[in-house]
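Please work through each task before consulting its solution.

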Amino acid sequence: MKFIDEAKIEVAAGRGGNGAVSFRREKFVPRGGPDGGDGGRGGSVFAVADENTNTLVEYRFIKRYQAKNGEKGHGSDRYGAGADDIELKMPVGTLIRDIDTDETVADLTRHGQRVCLARGGKGGLGNLHFKSSVNRAPKQATPGEEGESRRLLLELKVLADVGLLGMPNAGKSTLISAVSAARPKVADYPFTTLHPNLGVVRLDENHSFVMADIPGLIEGAAEGAGLGHRFLKHLSRTGLLLHVVDLAPFDDSVDPAAEALAIVGELRKYDAELYDKPRWLVLNKLDMLSPEEAAARKAAFLEATGWQFPAPDDRFGFDTETPRLFEISALAHQGTQELVRQIGLYLAEKRRQAAEEAAKQPERADNETAAGQTDLSVLKAE
């Protein structure tokens, strides 16, 4: 299936049915009175997050989604039937914006999340609602309301715990295939990855995380050069970035340090928040070098880039703020298990910190409420 991560659609809810003007006419009932029923509600349009949907390709071919109108009211106090709602299944991670107002309509971040995109119009009132002591035979009814309509931009941002960042042919696809069941295309030429790939990395029987591989970046990506700029948005939802660097390029004229700094510069240009995300350095393809040459290239790389990686102190637990450096060979599976283990520790610590922060929120709210009550009592006393 072709990977589509953007689409523009139009949604229109149904119109409510009109209310009915009717009077009860039965034998032996000379003064039956009004009995016109209300119109039915128009159908609404909903977006539903579905973890089994991976792309927006369906919305490239069908551009407009129109819900049906509600039925009009009938005599004998019969209400019109409401129209069925429309549910549009979208991948988890889809961001929905209103094209005309630039308003964020919905951000589908969990499976089963259901959001109304266009609400159906209410049905009109029948004449039975207008009877009174002075108007026993009302002949008025109200029309149904128009349903909402919107032009929407759908933007898919994949949800992943870890994102791979690097130049074309740095070995990102090889790495994700080495640590997960994902099988992206791997070849000895650049730009073999044309769309994001997701892989589930299994830590043990009960723990795992999702890794995302996007097309490689080149200098000028923030201005539209290459392919990776189209997919940088997919890294915005990741919690950790792995900057993969090819330390043994085939072309001797290629400078790994200059390429790495260029990518860092592109991140800063594209999005400051993305640039500030935790980023670990992964030096790849070390199996192609002798130990002495690998050590020399590593030292030269760190000196040229100015990056420093202090050794973490395991005595005080896992430090999520300390940058990490890993030396691996994705092809030979050297160092990949330690990399996965450290990522698992990092994500576990971040979840623990998030849980502690969430637990503090109710306590803070209670304290603020108590403080407000105390201040109020002081004012009353005064």
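**Exercise 1.** With which residue does Asp246 form a salt bridge?

*Solution.* The model is a predicted one. In it, Asp246 pairs with Lys285, and the closest N and O atoms are 3.3 Å apart. Finally, both Asp246 and Lys285 are buried.

**Exercise 2.** Determine whether Glu349 and Arg352 are buried or partly exposed.

*Solution.* Buried means under 20% relative accessible area. Glu349 has a relative accessible area of 14% and is therefore buried. Arg352, with a relative accessible area of 40%, is partly exposed. The two residues form a salt bridge whose closest N and O atoms are 2.5 Å apart. Because they are three residues apart in helix H6 (residues 336-381), about one helical turn separates them.

**Exercise 3.** Where does Ser173 lie, and how many residues of H2 are buried?

*Solution.* UniProt, in an unreviewed entry, places the feature "binding site" at Ser173 and Thr193. Ser173 lies in helix H2, which covers residues 172-179. Its relative accessibility is 8%, so Ser173 counts as buried. Among the other buried residues of H2 are Lys172, Leu175 and Val179. Eight of the eight residues of H2 are buried, so this helix is largely enclosed by the rest of the structure.

Methods: Residues numbered from 1 in each chain as written. Predicted model: local features only at pLDDT ≥ 70, side-chain atom pairs only at ≥ 80, totals over all residues. Heavy atoms only, no water. UniProt positions renumbered as here; feature names shortened; annotations may be inferred. Helix = DSSP H or I, 4+ residues; strand = E, 2+ residues; numbered from the N terminus. Buried < 20%, exposed > 50% of the residue type's maximum accessible area, 1.4 Å probe, protein only. Salt bridge = Lys/Arg side-chain N within 4 Å of Asp/Glu carboxyl O.
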